[in-house]
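Please work through the following exercises with the sequence and the model at hand. Each task is followed by a solution in steps.

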Amino acid sequence: MKVRRIVANIETSDIAAAKRFYQDVLGLDVLMDHGWIATLGSQEKMDVQISFAAEGGSGSPVPDLSIEVDDVDAALDAMEAAGFAIEYGPADEPWGVRRFYVRDPFGRLVNILSHR
């Protein structure tokens, strides 16, 4: 048996807010939309990963989601332009990533990162 994918499910009654943050700002595509559930994603091949943590590193809290992007500074600019407050960073971490934390419209702490 092999795991084929892992899907994060975030409860909300405001799917439009999810689309604003994850589609409009981060650039994810709508893969499925039944009105009561929308799945956003990418056709890019991605590694299947799930992390378990006691802290977020560098003394930060554990984020709910981590999203790796190709240009973390462009993502930071897009988040700020859209009015989302940055809660941590941007920071160049000793384990080789540049990242920042932002809360999505549902209060989830999201770690946006790029490997250096």
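**Exercise 1.** Determine where I50 is placed and whether I50 counts as buried or exposed.

*Solution.* In this predicted model, I50 is located in the loop between strand 2 (38-41) and strand 3. Its relative accessibility is 58%. Exposed means over 50%, so I50 counts as exposed. I50 also belongs to a nonpolar surface patch of about 750 Å², made together with M1, V3, I6, V48 and F52.

**Exercise 2.** Locate D71 and name the surface patch to which it contributes.

*Solution.* D71 lies in the loop between strand 3 (65-68) and helix 2 (72-81). Its relative accessibility is 38%, so D71 counts as partly exposed. D71 forms a negative surface patch with E44, D70, D77 and E80.

**Exercise 3.** Which residue does the side chain of E93 contact, and is E93 buried or exposed?

*Solution.* E93 sits in the loop between strand 4 (86-92) and strand 5 (97-103). Buried means under 20% relative accessible area; at 3%, E93 therefore counts as buried. The side chain of E93 makes a polar contact of 2.6 Å with the side chain of Y88.

**Exercise 4.** Identify the residues joined by a cis peptide bond.

*Solution.* The cis peptide bond joins G89 and P90, with omega about 10 degrees. P90 is placed in strand 4.

Notes. Residues are numbered from 1 along each chain as its sequence is written. This is a predicted model: local features need pLDDT of at least 70, side-chain atom pairs count only at pLDDT 80 or more; totals for chains, interfaces and linings use all residues. Side-chain values use heavy atoms; hydrogens and water are left out. Patches are made of residues with over 30% relative accessible area and no salt bridge: like charges are joined within 9 Å, nonpolar side chains (Val, Leu, Ile, Met, Phe, Trp, Tyr) within 5 Å. Accessible areas come from the Shrake-Rupley method with a 1.4 Å probe; for residues, only the protein chains shown count as cover. A salt bridge is a side-chain nitrogen of Lys or Arg within 4 Å of a carboxyl oxygen of Asp or Glu. Lys and Arg count as positive and Asp and Glu as negative; His and the chain ends are not counted. The place of a charge is taken as NZ of Lys, CZ of Arg, CG of Asp or CD of Glu. Helices (H or I, at least four residues) and strands (E, at least two) are DSSP runs, numbered from the N terminus. Buried means under 20% relative accessible area, exposed over 50%, partly exposed in between (1.4 Å probe, protein chains only). A polar contact is a pair of N or O atoms within 3.5 Å; within protein, one must be able to donate a hydrogen and the other to accept it, and residues adjacent in sequence count only if both atoms are side-chain atoms.
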